[in-house]
Amino acid sequence: MGAFEVSCDPARLDVGLVHRFLSEESTWARGIPRELVERAMANSICFGGYLDGNQVAFARVITDRATFANMVDVFVLPSQRGKGYSKQLVESVLAHPELQGLRRFTLATGDAHGLYARFGFTPPSRPATLMERYYPDVYQRCQ
């Protein structure tokens, strides 16, 4: 088996795989239409994780490339989990040249706190200052 590699080349991304995972297997984007996935990817820095040229992992960063970034849609296919690929993927995200010197880098996770903590992510230092508009069923309303 080949080595795991991470690339930001948009031409290598398997949009069908990303859409299938997000819309059918993720807990956060179930039912998301493909056109929304395509638009989100086009307006973000996307990272594909590959084994033998086949995409097995993904992460997307929403950023102004100057002060702020938010990492979203991070996944490793279930058949490839437990092999350290998520760590390599996050390392590659954090090493990206356009994501250096940011004042704030955020993410939300329901179950991978340990993974992100090893890279310096912590609960918000001032959670009372954070607000959100959250519509968890928005993609079901699109159909």
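Guide: We begin with a term: a residue is called buried under 20% relative accessible area, exposed over 50%, and partly exposed in between, using a 1.4 Å probe and protein chains only. This is a predicted model, in which local features need pLDDT of at least 70, side-chain atom pairs count only at pLDDT 80 or more, and totals for chains, interfaces and linings use all residues. Residues are numbered from 1 along each chain as its sequence is written, and side-chain values use heavy atoms, with hydrogens and water left out.

Visitor: Is Ser7 buried or exposed?

Guide: Ser7 is buried, since its relative accessible area is 12%. Ser7 belongs to strand 1; helices (H or I, at least four residues) and strands (E, at least two) are DSSP runs, numbered from the N terminus.

Visitor: And what does Ser7 touch?

Guide: Residues up to four places away in sequence are not counted; beyond them, Ser7 touches Arg12, Cys46, Phe47, Gly48 and Tyr50. Contact means heavy atoms within 4.5 Å.

Visitor: How do strand 1 and strand 2 pair?

Guide: They pair in the antiparallel sense, over four bridges. Phe4, for instance, has Leu51 in strand 2 as its bridge partner.

Visitor: New topic: which residues of helix 3 are buried?

Guide: In helix 3, which covers residues 85–95, the buried residues are Tyr85, Leu89, Val90 and Val93. They lie on the same side of helix 3 because they cover an arc of only 135° around the axis, the arc being that of the directions from the helix axis to the C-beta atoms.

Visitor: Why would residues a few places apart point the same way?

Guide: An α-helix has 3.6 residues a turn, so residues three or four places apart point the same way.

Visitor: What do the buried residues of helix 3 pack against?

Guide: Their partners include strand 1 (4–7), strand 5 (104–107) and helix 4 (113–117).

Visitor: Last one: where is His96?

Guide: His96 is in the loop between helix 3 and strand 5. His96 is buried, with a relative accessible area of 13%. Leaving aside neighbours within four places in sequence, His96 is in contact with Cys8, Ile45 and Phe47.

Definitions and conventions. Pairing = 2+ DSSP bridges.
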